[in-house]
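Visitor: I would like to know what stands behind the labels used for this chain. Please set each value against its rule.

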Amino acid sequence: MESLLIFNRIMSGKPYSKSLKLYSKKYMMNVVKLLEEDEEYEKCKILLEYINNRFDHELNYKTPIF
């Protein structure tokens, strides 16, 4: 389940792949869809909050800490 691995990387403060490429908003939304398919709804909610905070213009696109 790669979606869980990506979720865990993001929640541990690593919003990038092992090759140090930042995850895009589109990519993270695809992870949310995969988590929904796996019925991991709590993780979906947490990741959606992270995405909304991470890509918020008012917050200057700062990486939130969860």
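Guide: Helices (H or I, at least four residues) and strands (E, at least two) are DSSP runs, numbered from the N terminus. By that rule the elements of the chain run α-α-α from the N terminus on. The total is three helices and zero strands. The model is predicted: local features need pLDDT of at least 70, side-chain atom pairs count only at pLDDT 80 or more, and totals for chains, interfaces and linings use all residues. Residues are numbered from 1 along each chain as its sequence is written, and side-chain values use heavy atoms, with hydrogens and water left out.

Visitor: What makes K45 and E49 a salt bridge?

Guide: A salt bridge needs a side-chain nitrogen of Lys or Arg within 4 Å of a carboxyl oxygen of Asp or Glu. The closest N and O atoms of K45 and E49 are 2.7 Å apart. The pair therefore meets the rule. Side chains of opposite charge can pair when their charged atoms come close.

Visitor: Where do K45 and E49 lie relative to each other?

Guide: Both sit in helix α3 (residues 41-54). They are four residues apart, so about one helical turn separates them.

Visitor: Why is K45 called exposed, but E49 partly exposed?

Guide: Buried means under 20% relative accessible area, exposed over 50%, partly exposed in between (1.4 Å probe, protein chains only). K45 has 53%, so it is exposed. E49 has 34%, so it is partly exposed.

Visitor: How many salt bridges does the structure hold?

Guide: Two. One of them joins the side chains of E40 and K43, at 3.5 Å from N to O. E40 has a relative accessible area of 22%, so it is partly exposed. K43, with 26%, is partly exposed.

Visitor: Why are E36, E37, D38 and E39 called a patch of negative charge?

Guide: Asp and Glu count as negative, Lys and Arg as positive; His and the chain ends are not counted. Patch residues have over 30% relative accessible area and no salt bridge, and like charges are joined within 9 Å. A charge is placed at CD of Glu or CG of Asp. E36, E37, D38 and E39 gather in such a patch on the surface. E36 has 39% relative accessibility, so it is partly exposed and over the 30% required. E36 lies in helix α2 (residues 25-37).

Visitor: What share of the chain counts as buried?

Guide: Of its 66 residues, 29%.

Key:
Patches are made of residues with over 30% relative accessible area and no salt bridge: like charges are joined within 9 Å, nonpolar side chains (Val, Leu, Ile, Met, Phe, Trp, Tyr) within 5 Å. Accessible areas come from the Shrake-Rupley method with a 1.4 Å probe; for residues, only the protein chains shown count as cover.
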